[in-house]
Amino acid sequence: MTVNRSRTIFKQLGPFPLVILAGLAIVAILSVAWLVMRVTDGNEGPPDAVPVSTEITIEPSSGPPGASVRISGTGFEPGNPVQVICQDPLSPQLGQFRAADDGSFTGEIRIPRDDWVSRVGIQQLAIVAASGQAQDSDRQGLAFFRVLR
């Protein structure tokens, strides 16, 4: 009796259940294919270049506005200019240096005077050194300077 009922239901519905099942199977196959492509995208092989670690240090790490600070860095683009700025977009450029053949640089910068620091209203400056243009560079270092008043 069960066989007759199911045949009757299929006769009443026609090919509709088979179309639904086929559609679900196609959607499932396409979903799996899409997921496989997303997971393997960008994993075709070893990267062309190993990311470079950049680092900067400033000494001393605190002082009054207008203080002279020694800055050094490693991991920058050899032979290219290294711009040193405060992270705030309104800040003045603090210095520009040329990276040595090993990607290092050293120099001296002056922390902005009190009028700029007061206008921005901060007690700690984020000092950024970057190869080329800071906003476009993939080689950046960051250090902090605590402003003492």
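Thr54 sits in the loop that links helix α2 (16–40) to strand β1 (55–59), in what is a predicted model. The protein has three helices and eight strands, and from the N terminus on these elements follow the order α-α-β-β-β-β-β-β-α-β-β.

**Thr54 and its surroundings**

- Thr54 counts as buried because its relative accessibility is 18%, and the limit for a buried residue is under 20%.
- A polar atom of the Thr54 side chain lies 2.2 Å from the backbone oxygen of Gln140, and Gln140 belongs to the uncovered face of strand β8.
- When neighbours within four places in sequence are left aside, the residues in contact with Thr54 are Thr74, Gly75, Phe76, Arg139, Gln140 and Gly141.

**The five-stranded sheet**

- Five strands make up an open sheet with mixed pairing, in the order β2-β8-β7-β4-β5.
- Strands β2 and β5 are at the edges of this sheet and have a single partner strand each, so one side of each is left without a neighbour in the sheet.
- Strand β2 (residues 62–63) runs parallel to β8 and is joined to it by two bridges; within this pairing, Ser62 has Arg146 as its bridge partner.
- Strand β7 (residues 124–131) pairs with β8 in the antiparallel sense through seven bridges, and here Gln124 is the residue that stands opposite Arg146.
- In a regular strand the side chains alternate between the two faces of the sheet.
- Strand β8 (residues 140–147) has a covered face made up of Gly141, Ala143, Phe145 and Val147, whereas Gln140, Leu142, Phe144 and Arg146 make up its uncovered face.

- Three strands form an open sheet with antiparallel pairing, in the order β1-β3-β6.
- The edge strands of this sheet are β1 and β6, each of which pairs on one side only, and the twist from one strand to the next averages 25°.
- Strands β1 and β3 run antiparallel and are joined by five bridges, with Glu59 of the pairing standing opposite Arg70 in β3.
- The peptide bond that leads from Glu59 to Pro60 is cis, with omega near 0°, and Pro60 itself is found in the loop between β1 and β2.

**The nonpolar core**

- In soluble globular proteins, nonpolar side chains tend to be buried together.
- The largest nonpolar core in this model has 21 residues, and those with the most contacts inside it are Ile71, Val84, Phe105, Ile109, Ile127 and Phe145.
- The elements that contribute two or more residues to this core are β1, β3 (68–74), β4 (81–86), β5 (93–98), β6 (105–110), β7 and β8.
- Phe145, one of the residues with the most contacts inside the core, is also part of the covered face of β8.

**The chain as a whole**

- The protein has 149 residues, of which 30% count as buried.
- Among contacts in the protein with a separation of 6 or more, 54% are accounted for by residues 24 or more positions apart.

Notes:
Residues numbered from 1 in each chain as written. Predicted model: local features only at pLDDT ≥ 70, side-chain atom pairs only at ≥ 80, totals over all residues. Heavy atoms only, no water. Buried < 20%, exposed > 50% of the residue type's maximum accessible area, 1.4 Å probe, protein only. Helix = DSSP H or I, 4+ residues; strand = E, 2+ residues; numbered from the N terminus. Pairing = 2+ DSSP bridges. Polar contact = N/O pair within 3.5 Å; in protein donor to acceptor, adjacent residues only side chain to side chain. Contact = heavy atoms within 4.5 Å. Core = buried A, V, L, I, M, F, W, Y, C linked by side-chain atoms within 4.5 Å. Axes fitted to C-alpha atoms, helices over the stretch in contact; angles between N-to-C directions.
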